[in-house]
Amino acid sequence: AGSSDTGGNGFSDVALQFNGDTGSNYSWRFFYSVNSTTVNAINTIITTNMHVGTVANGGGDVQGNSLVGDVDIWVNFYSVTNMTKGVKFHSNAGSGVGSPNNFEMNMGGGIWGNNKAAVTSLLLQPSNSPNTFTAGSMCTLYGII
């Protein structure tokens, strides 16, 4: 998805694809902060998926518990066939990596510009290997007409 973190801080970007579309039809922008009040921005245009947040890429806190992420995604006009699909998201996650542990927050949005098709399916997965969510991670998807 492109990248607030490539795994070094214990996080994985979450990638979203609509309708199996792997073409260069996604653009997105987001702000993120890792362990501080410093805010960074990423702006990506025309990629094969959309960044929609960050989750833990494994690890555990000082009690040995697995830490997880919380991702909320809103898809505007998902069922409308004459409008481009807009997405907004926010996420937060503790990775269990570092001392006491790393924490990351994301917020942003994007556009899927594939012929204004209705959304009939989606693929949501962490970008980093093993491309699976840590047990207990939570993702909430809202479809807004």
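Modeller: Residues are numbered from 1 along each chain as its sequence is written. In this predicted model, local features need pLDDT of at least 70, side-chain atom pairs count only at pLDDT 80 or more, totals for chains, interfaces and linings use all residues, and side-chain values use heavy atoms, with hydrogens and water left out.

Colleague: How many helices and strands does the protein have?

Modeller: Helices (H or I, at least four residues) and strands (E, at least two) are DSSP runs, numbered from the N terminus. From that terminus on, the elements run β-β-β-β-β-β-β-β-β. The count is zero helices and nine strands.

Colleague: Is asparagine 102 buried or exposed?

Modeller: Asparagine 102 lies in the loop between β6 (85-94) and β7 (103-112). Buried means under 20% relative accessible area, exposed over 50%, and partly exposed in between (1.4 Å probe, protein chains only). Because its relative accessibility is 10%, asparagine 102 counts as buried.

Colleague: With which side chain does the side chain of asparagine 102 make a polar contact?

Modeller: Contact means heavy atoms within 4.5 Å, and, not counting residues up to four places away in sequence, asparagine 102 touches Asn9, Phe11, Asn35, Ala93, Gly94, Ser95, Gly96 and Val97. A polar contact is a pair of N or O atoms within 3.5 Å; within protein, one must be able to donate a hydrogen and the other to accept it, and residues adjacent in sequence count only if both atoms are side-chain atoms. At 2.5 Å, the partner is the side chain of asparagine 35.

Colleague: Is valine 39 buried or exposed?

Modeller: Valine 39 is found in the loop between β2 and β3 (40-47). Because its relative accessibility is 54%, valine 39 counts as exposed.

Colleague: What percentage of contacts between residues at least 6 apart in sequence join residues at least 24 apart?

Modeller: Buried residues make up 41% of the 145 residues in the protein. Among the contacts between residues at least 6 apart in sequence, the share joining residues at least 24 apart is 66%.
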